Amino acid sequence: MILLLEGAATSSPDREAVVTSEGSATYSELLDGARHIAAGLRRRGITRLAVVEPDAGWVLRLLAGAALAGAEPCQYQPDTDAGEFADHARALDHTYVVTRREDLRGSFEVVRPESLLAEPLDETLVPDDERAQPLMIRTTGTTGVPKAARHDWRVLGRTVGNVRPMPDQRWLLAYGPQQFAGVQVLLHVAASQATLVAPFPRQPKDGLEAILTQAVTCVSATPTFWRFLLAEARSRKAALPPLQQITLGGEASPGDLLEEIRATFPAAKVSQVYASTEFGSITSVRDGKPGIAVDSLYSESNPTSNVRVDDGELWVRAEAGMLGYAGESGESGESGESGAGDSGGWFRTGDLVEIVGDRAMFRGRENEVINVGGVKVHPLPVEDRITALGSVAAARIFGRPNKLTGAIVAAEIVPTGGVGGADIEGIRAEIKAAVADLPRAWQPRNVTFVDAIETKGGKTIRGMEDT
Amino acid sequence: MATDQDKARAVISDFLKRTDKGIDGWGDNTGLWGDGLELDSLEAAELSALLEDEFGSDPFSAGGDLPESVGDVLAFYTGAST
């Protein structure tokens, strides 16, 4: 990160690097800030730090400064509950917390970013690609307690090694910069010497506002984010400007959403990225179709592919993956997300896929499968049929515990235009017809109508509802 | 003023409409299974979820024997009225 920032600051010192709700900064200003922060970290002897900061300008300075100092930053959700944060910081042994928040207290020392920025420079600190540049990234944790993956900026930087300067691009930061996908956007923007447009909060309506007012040209976001952004645009009758690049990741992209995006932004290049906090960026699909082309999977005739399907599950080989989880000593991807790798460097992903014709179609996460009386139900195919309805803006399929069958399939539905005024019984009938040809156990038995569905890190939360 | 039993009848009525069971003239003595409403396990699970949503509990999940008739379901919701 520090090397990319230095490169951009050298070639385009006065280019606007980041625009946030708090202001903007050029590449030279970011680099200067990072150098001061590095000096502050070094003088305080800080080698590991938690970062709780909403503003992407501060985040960029802190991450790059930590890289320069060789310290390991770990970002937390900026609006995380203070008590929950204290527990998680203790679990990850974070004894220094860099934040502007006043309510964070615990078994750690709070360091204000302004105080780091005010430090005089340390001329002995220079970017050095031979030295470790650690980074810890907590998983989104849509289920269970988030884990933390140990990365190195030098390894992550390989994924943007071929990125050419595209200084006219303006990328919307729709992910939190604490998410792996957010880090990827930061890297890509720095590598392309472009401008990051980073509103906070980062809800779809905030993203839409940024697209409409900040001359955004490129957007990377989850399918759930896109679905709500487009629904918001429709309800506001907003005239969306053309985009150059649209990237979807973090979840499977339904076909109807891809079609809607293509119709709304006909000039945009659309990519679907398969990546995870643990394995890094693995592959991308650029043909605009859902799923992965079967002929791009690993085979004897395609031995360089890093993706294969085995027994209905996606396996991957990581080229820029994590070093290990926090607390582990492994240094080279010894732990797959499911803890199961084979001798060829392949790891299980927990993503279930089905070969349909010439595509490997995502069916959901292994831990999202709903067991209805012994029948395994995958939420995504059900969700896809429902979200394809014009009367439905968004849907969430999940398992609801039931004494008689173990679970039933439940659905939360956001009607187009909101619950108020929606033809609820009409939508129920449409949903029933849309899933009529699915096995009976797959059909939603409990349908509720809501104004918003629950998400985490921009992803829809599926799986079993807590009892 | 609707009693809980009246509300339970309304839930059952809505459920039968939504599931297109096509059963008319049901009453308290109508059985839930076999020759009555002919519920299968998925339909019973659906009805139990609807009753739980309305009342916070349901006779299918309460433990003990499963209800056998509409009257058994109504009997589970005795007493309080609104």
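In the predicted model, helix H1 (residues 2-11) of chain A packs against helix H2 (residues 27-44) of chain A at an angle of about 140°, with the axes 8 Å apart. Axes are lines fitted to C-alpha atoms, for helices over the stretch in contact, and angles run from 0 to 180 degrees between N-to-C directions. H1(A) and H2(A) are therefore oblique to each other (angles under 35 degrees count as roughly parallel, over 145 as roughly antiparallel, 65 to 115 as roughly perpendicular and the rest as oblique). On the H1(A) side, Ile2(A), Leu5(A), Glu6(A), Ala8(A) and Ala9(A) meet Tyr27(A), Ser28(A), Leu30(A), Leu31(A) and Ala34(A) of H2(A); contact requires C-beta atoms, placed from the backbone, to lie within 7 Å. Helices (H or I, at least four residues) and strands (E, at least two) are DSSP runs, numbered from the N terminus.

Five strands of chain A form an open antiparallel sheet in the order S15-S20-S19-S17-S16, where pairing requires that DSSP finds at least two bridges between two strands. Strands S15 (292-293) and S16 (307-310) of chain A stand at the edges with a single partner strand each, so one side of each has no neighbour in the sheet. Strand S17 (residues 313-317) of chain A pairs with strand S19 (residues 346-356) of chain A over four bridges in the antiparallel sense. Glu313(A) stands opposite Leu352(A) in S19(A).

The contact between the chains takes 12 residues from chain A and 10 residues from chain B. Helix H2 (residues 41-55) of chain B gives the most to the chain B side, with seven residues.

Residues are numbered from 1 along each chain as its sequence is written, and chains are lettered from A and ligands numbered from 1 in the order in which they are written. As the model is predicted, local features need pLDDT of at least 70 and side-chain atom pairs count only at pLDDT 80 or more, while totals for chains, interfaces and linings use all residues.

Methods
Contact = placed C-beta atoms within 7 Å.
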